[in-house]
Amino acid sequence: MVWLLLAVASVSWWPVYRDDSMVVAAVTAIVFGSLVALVGTVLRLPTVVVAVATVAAFTLTGVPAAVPGEANGLLPTGRGLVDLFAGVALGWKQLVTISLPVGSYEALLVPYFVTLLVATVTGVSVATRASRQELAAIPALVLFAIGVVVGPSRLDTSIVTAVVLVGIALVWALTVRHARRAVAVATTIGAKVSVTRSVVRPALVGTGTIVAAAVVATGLGLVAPPSVGRTVARTDVVKPFDPRDYVSPLSGFRAYQEQTAADTAQLRVSGLPENGFVRIATLDTYDGVVYRVGGPDGSTSSGTFERVPTSVDVRGVDGTTVRVGVTVDGYRGVWLPTVGDLERVEFSGSGADDDRSAFFYNASTGTGAVVGGVGEGTSYDLTAVIPDQPSDEQLASARPGNASVPTARDVPDAVRETVESTTADESGAGAKLVAMIQSLKRTGYISHGVGDDRASRSGHGADRIQELLTSPLMIGDQEQYAAAAALMADDLGFPARVVMGFAAGGDSGTSTGTTSGGTTTFRGSDVTARIEVDTAQWGWVMLDPNPPVREIPDEQQQTPQPVTRPETVVPPPPVTQLDQDQQAPPQTDRNTPPVQPLWLQILLAALPWALGTLGFIALVLLPFAVIVLAKRLRRRRRRRAPTPRGRIVGAWDEYRDALLDRGHDVARSSTRREAVVGAPGDGGTGLAALADRAVFGPSDVDTTTADRMWSATDDAIGSLRSGRTRRERFRTAVSLRSLRAGTPPTFQGRPGSGGPR
């Protein structure tokens, strides 16, 4: 049963690894953990020795099972042992800051291996040594909970697995309880009991109830899952790479168009399909100044970058798989150029290991980054899927998707006005989107503002977008058109974002890149920006909103010059002099919070510390409070027994438990008179005699006798405390000896029995 529970609990770890190496680690941990626990049971080894044996088993088997890349066959190596023990302390944080699945990457199997090994040793030891074997299910429940905490934020099979695991544990506990009760009954009466009636039948009834509840719970969990993503360790852990720490790449767009950079080779890409696009970064957050990566507070899905241990799951992407080689020449930056939806990246060259450990990826936007940046000579191979794209005719029937992007802030009024004027003749969101894109291409002109180009201000803040959309001639470059198109698509209801990268010609038809032998060289002038919109039918679709390069007409030929009229001079109104006493006080800033008194500031500053201290003290004292409460409830139950004889027996049991907690040894098979031999305090002998006379006497006892028994019991228990220090009295109050020992079976006799048998 322990093995079955551990196997079911390990299912919660499968989304973390999804590799056969996890199965090898699981079998190794269970086999050697069970061996250590069984040896400890047979030889009756103390807990310390079992713990040392567990560490020895972990050392001998951990490297081949959890760090297979550093093992010498079935033997550990020095480097592997260092990684093994470092993984116990550091592997947890690495596990929740890396994209899943991780497979056998580095030493990330160590957290699962050590958790399962400890759970196996603990579970098997409890099942073979404890009086209540069903408690051996607790390590499996802990193993499952840890797997959920370090697992993915999406809801996989945790509901079904949790219900199955708890159901098995409850059925086992129910069966063991009935079996233990049947054994106790058989021992008491000295005869066999019916296993079917005493164990099988009640266990089947309880199992049926548990299965029915499990079906209902599973159905509710699958039919009505949580509406929000669950919070696990990786959703709240401090991000190792925060994109908000870096300048938006779109703000440096014009730097690529300078004369020197425009003719400089930036990237050499081999295996790129025709009209392929190389992505630098995807930007989904607009604050009225710049489009950037990561959301306003970094908490969105686009702001979470993780390490990629083996590969990215792209099973849900429909498209063409390509293998592309990239070599960096003049390009510099933290953002790693990629293609399509990345599945795998393999760095090469002298700095491959450093680049690999510094690479982070965001699967929701397809953006990669290398902490420290990439430079000349960086080389890597990409395996990616280029998603299928709809045609313009299909796009006209598109419906907005439900992807979540940060809400754009400080959007200029010209965006909505332009959308209304360019899409008034269309119906349907898809048709309006196509009309908006075609309008930008038809009425816009490309100018980078360098060389002999017409004046074109850089930047894509709200004022620049307002200027672009309201000027008599719409003049800008890909930086402005992509930002404006993304804001306009968002106004139409489509989740939209800007994508910056390289394309042949930079979407302007003036490419300086060259292709030779299947290798495309991208120069600075090939930089471009496009948009992606989320559709209900095809997911994210990339659109090119940039106009073709053509001659920019003279602005005077496009719009008539207004007639200049002299301005009418309007004299200012007379200034009314106000007395100083009549002047209104200056307006206070309603956003400025009121100043709090000093005593309140001190109280608010100290309150969290005080509450934290009280919470910690309460947490420490909670186990002791539970023990004391359990004893109080037990005393109350005994004192309120339904019959006087039951109350007298309960009074004796209360005194016997007080002796146990006091440190006096009382054998389970001893009689009442034997139990008080050598007992501390006064009154024990009288209690034993009174209890025996009440239980085995020829006549029933009355309520008065029961009350007298409890009064004498309270006096006897009080005498046990005399002469004891406060610390000793506290240890007696929280002792677990009486709770562990339980109440020994006692023949209570019957009227006229004449004495004990």
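Modeller: Helices here are DSSP runs of H or I with at least four residues, and strands are runs of E with at least two, numbered from the N terminus. Bear in mind that this is a predicted model.

Colleague: Fine. How many helices and strands does the protein chain have?

Modeller: There are 25 helices and 17 strands in the protein chain.

Colleague: And what share of the residues counts as buried?

Modeller: 43% of the 757 residues in the protein chain.

Colleague: What about contacts between residues 24 or more positions apart?

Modeller: Taking contacts in the protein chain with a separation of 6 or more, 76% are between residues 24 or more positions apart.

Colleague: Which residues form the nonpolar patch?

Modeller: W14, V23, V27, V31, F32, L35, V39, V42 and L43, with about 820 Å² of accessible area together.

Colleague: Which helix gives the most to that patch?

Modeller: Helix α3, residues 20-42, which contributes 7 residues. F32 is one of the residues in helix α3.

Colleague: Why is F32 called partly exposed?

Modeller: Because its relative accessible area is 34%, and partly exposed covers the range between under 20% for buried and over 50% for exposed.

Colleague: Where is R721 found?

Modeller: In helix α23, which covers residues 703-721.

Methods
Residues numbered from 1 in each chain as written. Predicted model: local features only at pLDDT ≥ 70, side-chain atom pairs only at ≥ 80, totals over all residues. Heavy atoms only, no water. Patch = residues over 30% accessible without salt bridge, like charges linked within 9 Å, V, L, I, M, F, W, Y side chains within 5 Å. Areas by Shrake-Rupley, 256 points an atom, 1.4 Å probe, with all protein chains shown as cover. Salt bridge = Lys/Arg side-chain N within 4 Å of Asp/Glu carboxyl O. Buried < 20%, exposed > 50% of the residue type's maximum accessible area, 1.4 Å probe, protein only. Contact = heavy atoms within 4.5 Å.
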